[in-house]
Amino acid sequence: MDYRKRLTVGWARRDTLAVIVITVTVAFLVGAAILGIALGTQTTDIAAQFEPTYAITENPEADNEAVPLVLAETVIGERTYTVVGLPEESQSLELRDQTVTLPAPEPEVLASAEVTPQLRSRAELPIKSRPPHPLFSDRWLVTDVQTAQSLSEVQTIGLDPSPSPNAAPLVGALQFFIEGSEELVGVLRVSALAAAVLVTITVYSVIQITIRERRQDIGVLRATGASPRVIVAIFAGRALLMTALGTALGYAIGLILVRSVINAATFLGVTTTLGARITPTAVELLAPAFAAFLIVGMLAGALAGWRTVRVDPGNLAQNGEESGFVSLNTTFIDWRTLVPATATLTVFMCFFFVLAGVVGAVGPLANTGQQTITEPGTPNPVASDVPVSYARALQNQGAAVSPEIILFELHAGNAILTRGVNFTAYREFTGLKLDEGQFPGEEHEALIGNDLAQSSGIAVGDTLVLGGSTTPAVSRVDITGRYEGEGIEDDQLLVSLSTARTLTNVQTDAVNLVRTRGLPTTEASQSTIIVTDAAPARSDGTRGVQLTLRNPGFQDATRSLTVELGEQTQTIAVSVPSQQSRESFVGFERVERTQPRLRAGSFETQLRFGASQFDGVETSGGTRLSVSVPETVPVGSEPVVRVTQSGEPQPNAIIRYGNGSVETNDKGVARVPFSRTGNVTLSLQANGTQIQQRVQVRDNESRPVGITASVDPAQPSIFTRPTAIITLSNRWAFERSETVRVTAPGVDRQQSVRLAPGGEEQLTVQLPQRPAGEYRVTAEVNKQSENVTYRVQGDERLGAALAQSGRYTAGGGITQAIQVVFSNIEVLIAAIIFLLVVMTLGSSTAAFTRAIQTTKQEIGIYRATGASPISIILQVASDAIKVGVVATSGAILLAMVFIEALLSLGALRAFGIVLSPQYTVSTIAIAGSAGLALAVVSAVVASSVLVRGPPANLFKTRANARTEESRWDDTSHSGARWLSACRNHRSCAIVPRAAAILE
């Protein structure tokens, strides 16, 4: 083999180690890229069902296809409302699988789907009702464009079917994941850059050592006419060959390692859907990276060769040493090791701090003091619907709770993780602190985290127009405050729950998840079945009580229920399916016509038992015979008088008044004339029962509308949405049109009704779920009002049972709450850490092996003079500590500078979250300790391989290794032979000490 071939392919052990360094580096990059791209592909597939068709643009004039909308604000009473101005001609939007038609506005009129009090806005515009619309919140007021432009805070937007990349999609989930995946790929490109730097330094260092050992060969080549270009080409080819081999091996090993991690996760029971596949995206990332590795490797070899050819050929024949470093009392490790060691540890520190940033981001959610409740059987929290009443039940037990909705939004082309919250509950749960502005007071206001504000440029006082997350929608929020949170909390936009429901498909009075802390666990076995109502009933001739049971839990439940009626007690076993209601009859031996107290579980009420109460399953109670007539009537009127018995119309009842009488019809109704002023006594007789009612007849008396109010069920539970029943009756001989206003906690509804002469209309209003307590419903008509009070029953023992009936996850739901964004995050981080450790150990071991190889004859002399392998290893460890302290310190500083540069460029961001490490004392201490430990372990591993064999092997050189005469045998040669061999080596300074030891 000639010199050129020997210089190109004649590899020593240190060259093999260089290939190993490149291999593990490429394996790390391949593994991280495959896992990261698999994560991005998976999350994009999850959101593929939310593909957008339209987007919200803020410059609709530039696009004739865009449907223009004008957003504005107006104040009604004490509240601020959003107004949307629409084109007068009705517009239709093709939204994937549905056609949505925008409502036709009425000029100079505000229309809302929520019945608003009959007030004019401060702009003096009348308010009317409208049907709900899928794109706009029910509280939004719809009008025409011109009217909206006359109001305050005017902003023009458009719904564009062919939007620009920076427009906010009308359905943002898919685009959120696409942008987030691209950000993740950007982070992986940075990883490729770090790997390329490591490959460059490694190859350059190895080629330099090769050149130093082959100086005589290079001198011969130069003396025999080889040009500098040939020498440079030889070492460039050598470096290219090493890099190519390392890249090929790294690609294969990277795939094997990723599959091993995924298989291990499956074996250990960790759910994972990540795959180890090479996708087109992975090829687009890895192919340029591999090409870059080959180029930088070749350039590193060429640079090292170029430095050699600049030296005079006569000097190359000498075995002199170049020294650019000052030795600081190390024995076996040359300080030239600082360059590759620092380079390797710098890459390690960069990944360490970034991973620490990831752990810091999700760490607060992984707090073992927190739990997350989601609906079981759902693939991810976005598909989960948990009743808000769960949060109220837990709060009643003294637990800290935060009901939340997860949203995926985009602003100016950037992914923004958004969360719908109850601001008061969220503030108490997380300890959120404001750095600027104020907490939201209305549902269209929002808060922004410090990290998100910095990375997105959104500031307090800005107004954001948002598209829907998982459903087509348009919303607008005002940023009222900027807050500081822990970890991922700091990277979010917080909006109200009502705004979040507008932007997603979460059901009314539901959320995606409930986070809780301090949840009682002693009642975990408590059933989720509760009693919501009770009424007198008869079954097979037996008198008793009909109970209405409800199971608000997510699982079927059974319960042993004790029912007390007066002094009698019955125990029954009941079963109710999940989220359903059932009725159960409980019979009693003695049921008197009294008003005994009923207790069933935590439900308590007082039942009224009468003769007819047992004829049906459920009756309303009351007196046996009753009459409905105004207390005061105008003279000359003929109001309708209604007679009922036990709540049912009583036909053929005789009503006597003064000198006359009338008989009720089949509806229990009759008209009674009042021809003179004064007091008139009505006498009613039916079925042998007689009652009397006094009526005052006055001049100029108004004709009031009859109004009654009730709540069904009369004593709802905290998991029941009761219904207010308002009954209006027209007692007069002409048609009436009235406006009814119903108010209750969380309800303010107004509706127009038309009453025929003598007619009756019933208005039902569904009331929201409320915590345990007493509440009032008020119905108002023409300054008349009717009040009814109802009590919500609570069961303090149900909180833990309800929580555990859902998918109950300890640790704050890190695998649940952000699973849809960081699906399989445990497997992903574990795989990256595993690959990082392998890469760093391999690289640093190779670096120290190269250093120790250059001093192996010094080690041989120490061994020849009696030093044991353990003492050699300890001395190497001591040297490694000295070099490692300097290398680790430099690596930490370089990593900080590099990371801060990447943060300033926005390169360390994935799925809307900035991977910003916190350089705390503990983090830096851990990083320094890990770096130093890696240096020491690598040096010990490298020296252990070297000192295991006979000392004679340490004196073999390239010249004498091929001859039998140069074979050393430590059992047949004296110490003088060792010293003689040493005299031709550069380490002759050790000879006097070795000779002294031998003498």
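Here are legends for a handful of close-up views of this predicted model.

Residues are numbered from 1 along each chain as its sequence is written, and side-chain values use heavy atoms, with hydrogens and water left out. Local features need pLDDT of at least 70 and side-chain atom pairs count only at pLDDT 80 or more, while totals for chains, interfaces and linings use all residues.

**View A. Helix 11 and its buried face.** Helix 11 covers residues 423-430, and its buried residues are Phe423, Ala425, Tyr426 and Phe429. Looking down the helix axis, these buried residues fall within an arc of 160 degrees, so they line one face of the helix; the arc is taken from the directions from the helix axis to the C-beta atoms. Over on the other side, Thr424 and Glu428 are exposed. Here buried is under 20% relative accessible area, exposed is over 50%, and partly exposed is in between (1.4 Å probe, protein chains only). Helices (H or I, at least four residues) and strands (E, at least two) are DSSP runs, numbered from the N terminus.

**View B. Around helix 11.** The cover over the helix's buried residues includes strand 13 (400-411), strand 16 (445-449) and strand 21 (513-517). At the start of helix 11, a side-chain oxygen of Asn422 comes to within 3.1 Å of the backbone nitrogen of Thr424. Just past the helix, Gly431 has a positive phi of about 70 degrees.

**View C. Strand 16 and its neighbours.** Five of the five residues in strand 16 are buried. Glu445, Leu447 and Gly449 sit on one side, with Ala446 and Ile448 on the other. Strand 16 runs parallel to strand 18 (residues 474-484), with five bridges joining them, and Gly449 stands opposite Tyr483. With strand 19 the pairing is antiparallel, through two bridges, and Ile448 has Leu493 as its bridge partner there. Two strands count as paired if DSSP finds at least two bridges between them.

View D. Side chains of opposite charge can pair when their charged atoms come close. The side chains of Glu404 and Arg515 do this in a salt bridge, 2.9 Å from N to O. Glu404 belongs to strand 13 and Arg515 to strand 21, so the pair ties together parts that are 111 residues apart in sequence. Both Glu404 and Arg515 are buried. A salt bridge needs a side-chain nitrogen of Lys or Arg within 4 Å of a carboxyl oxygen of Asp or Glu, and by this rule the count is 15.

View E. Arg698 pairs with Glu701, their closest N and O atoms being 4.0 Å apart; Arg698 is partly exposed, at 38% relative accessibility. Glu738 and Arg736 also form a salt bridge, at 2.9 Å from N to O. Glu738 is buried at 6%, and Arg736 is buried at 10%.

**View F. The largest nonpolar core.** This core has 63 residues, and those with the most contacts inside it are Leu493, Ile726, Leu728 and Val777. Helix 10 (residues 388-396) gives the largest share, five residues. A nonpolar core is a set of buried Ala, Val, Leu, Ile, Met, Phe, Trp, Tyr and Cys residues joined through side-chain atoms within 4.5 Å. Another core, of 57 residues, lies apart from it and has Phe176 and Val947 among its members.

Definitions and conventions
Contact means heavy atoms within 4.5 Å. A polar contact is a pair of N or O atoms within 3.5 Å; within protein, one must be able to donate a hydrogen and the other to accept it, and residues adjacent in sequence count only if both atoms are side-chain atoms.
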